Amino acid sequence: MMEKMIFGRFIPGDSLVHRLDPRAKILFVFLFIAIVFVANNAITYGLLIGFTLLVVFMSRIRLYFLVNGLKPVMILVIFTFLLHILFTREGAVLLDLGFMSIYEEGLRQGIFIAIRFLVLVFITSILTLTTSPISITDGIEVLLGPFKRLKLPVHELALMMSISLRFIPTLMDETGKILKAQMARGSDIGSGPVKERIKAVVPLLIPLFVSAFKRAEDLATAMEVRGYRGGSGRTRYRQLNWRFKDTASLLVLVALAGTLWYFRS
Amino acid sequence: MNSTILSFEDVTFTYMPEDESVRPAVENLSFSIQDGEWIAIVGHNGSGKSTIAKLMNGLLFPQQGTVRAMGQTMSEESLWDIRSQMGMVFQNPDNQFVGATVQDDVAFALENNGVPHEEMVKRVKESLHQVKMEEYVDHEPHHLSGGQKQRVAIAGALALKPRLLILDEATSMLDPQGRVEVIETIRELREATGLTVISITHDLEEAALADRILVMNAGHKHGEGTPDSVFLEGNELTKLGLDLPFAMRMTHLLREAGLPLTREHMTEDELVDELWTFYSDK
């Protein structure tokens, strides 16, 4: 089940989308989120779908893989679709079931909202699938750079993010070990009433917390010994390169916005 | 060449200064380390050896006495300058890996010290080459073995071109293969660069490779000397809770059983060599 989840996963590759600057990709996603709300009729939503499929195609991530990995989101999409169908009461009646009826406007709204949702989920997934978490962190650090003037601890936030990302697999391993150790002692996490199950998680969490604090302390010592003194006076090993294709990708998005504006009703 | 790189002068440190009844972790300790030496500090748990490591790089300051390193007295002011000239590798390979990938981790100390980007790229490459990890530049820590992670940690220390490398129990959490990898790396480094190494350990086989051994017991210096001379008092070391290298124990047992072995053997190879040539001598 965990293997199928694609939230936050990174698939290494060498497509054009992979090679874009993380800053460009983050800006792209935020702009796209705004642009999606311009669409309001069949043509504009059609254009959005076409554009999304084009991006997916360019990232060389298989559509099947993407759809399969986003199954949990589909439930949410279907749920919002149904809500719109059931509660919008405008336009002609399409279907009268006696106790309730489906209206034309409801169906239209339902489909549009579902498309809007799917398009957003697809594009954001493409961002995380084609950008390594460390690049995303780098990108965010640079993009948030101007906020340093407002005393926002940008460097510290980015470092916290990258360290947490770095320790996720370590702590997952650890959880697995503790789980096995507790199972060997007869603890049963998988069955029983909910109250019992929650209780059974406690002996899993406490050792995990203790070890996480121990690790944090060791890490802090190691960082201090290696000369870490906060963000000032530091140089960066990872350099971001803004190239023409990064500008171009954002221009394409502006063009899309213009087209949508032209065709919207 | 033979200048003192690090020295302890009558150092006393206690974790509980207000409680007189608690024995200080380190008491009236003096020793000095010359440039280019390989020193092993051995001792049982609670002998004060980890405290010594923390005193060496200014994580702790002594209540009495002075710690001098690279010609400067350790103080709040000289601390960062001293640290930039010494590398340190700790026990747990996971808990000292800061970067997301091997190259990021090696670059961490360089970033902290404000090294320019081009220089950084060069040094990261060099130091990974020195520990033979250059194929793993983009690997994430959870895809590396313990020994590989420790070698990356060594590379991270080397990148700063330190004069002194401190290994604080760096091999104690590794499997035998990882231990050999790390010890071999240190040996080759010493041959290539003549780096000063202090290894703090309870593994006497690792200590046997050093030029000089410092034996710690209950916060005091118990003895000091070349591995040969230290290991001569075999039973004394066992009493301090240290395990003699296997070859040495074997030599002792064979002697007790009446085999007239000529000398103490520190490595298995030496012992095997004497054993298989033993009867042909007659």
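Biologist: How many bridges join strand E3 (residues 38-43) of chain B to strand E8 (residues 196-201) of chain B, and in which sense do the two run, parallel or antiparallel?

Modeller: Two strands pair if DSSP finds at least two bridges between them. Strands (E, at least two residues) and helices (H or I, at least four) are DSSP runs numbered from the N terminus. Here E3(B) and E8(B) run parallel and are joined by five bridges.

Biologist: What should be kept in mind about the model itself?

Modeller: The model is predicted, so to speak of a local feature requires pLDDT of at least 70 and side-chain atom pairs count only at pLDDT 80 or more, while totals for chains, interfaces and linings use all residues. Residues are numbered from 1 along each chain as its sequence is written, and chains are lettered from A and ligands numbered from 1 in the order in which they are written.

Biologist: In what order do the strands of the six-stranded open sheet of chain B stand?

Modeller: The order is E6-E7-E8-E3-E9-E10, and the pairing is mixed. At the edges stand strand E6 (86-89) and strand E10 (220-225) of chain B; each has a single partner strand, so one side of each has no neighbour in the sheet. On average, neighbouring strands of this sheet are turned by 15° against each other, direction ignored.

Biologist: Which strands does helix H5 (residues 146-158) of chain B lie across, and at what angle to E6(B) does this helix run?

Modeller: Axes are lines fitted to C-alpha atoms, for helices over the stretch in contact, and angles run from 0 to 180 degrees between N-to-C directions. Contact between two residues means that their C-beta atoms, placed from the backbone, lie within 7 Å. H5(B) lies across E6 and strand E7 (164-168) of chain B, at about 165° to E6(B).

Biologist: What is the order in the open sheet of four strands, and what is the pairing?

Modeller: That sheet of chain B has the order E2-E1-E4-E5 with antiparallel pairing. Its edge strands are strand E2 (26-34) and strand E5 (72-73) of chain B, each of which pairs on one side only. Six bridges pair strand E1 (residues 4-13) of chain B with E2(B) in the antiparallel sense. Ser7(B) has Ser32(B) in E2(B) as its bridge partner. Helix H1 (residues 49-56) of chain B packs on this sheet, where H1(B) touches E1, E2 and strand E4 (64-69) of chain B; the direction of H1(B) makes about 120° with that of E1(B).

Biologist: How many helices and strands does chain B have, and what percentage of its residues is buried?

Modeller: Chain B has eleven helices and ten strands. A residue is buried if 20 or more other C-beta atoms lie within 10 Å of its own, exposed if 12 or fewer, and partly exposed in between, with C-beta atoms placed from the backbone. Buried residues are 44% of the 282 in chain B. The C-alpha trace of chain B spans about 65 × 50 × 35 Å along its principal axes. Of the contacts in chain B between residues at least 6 apart in sequence, 64% join residues at least 24 apart.
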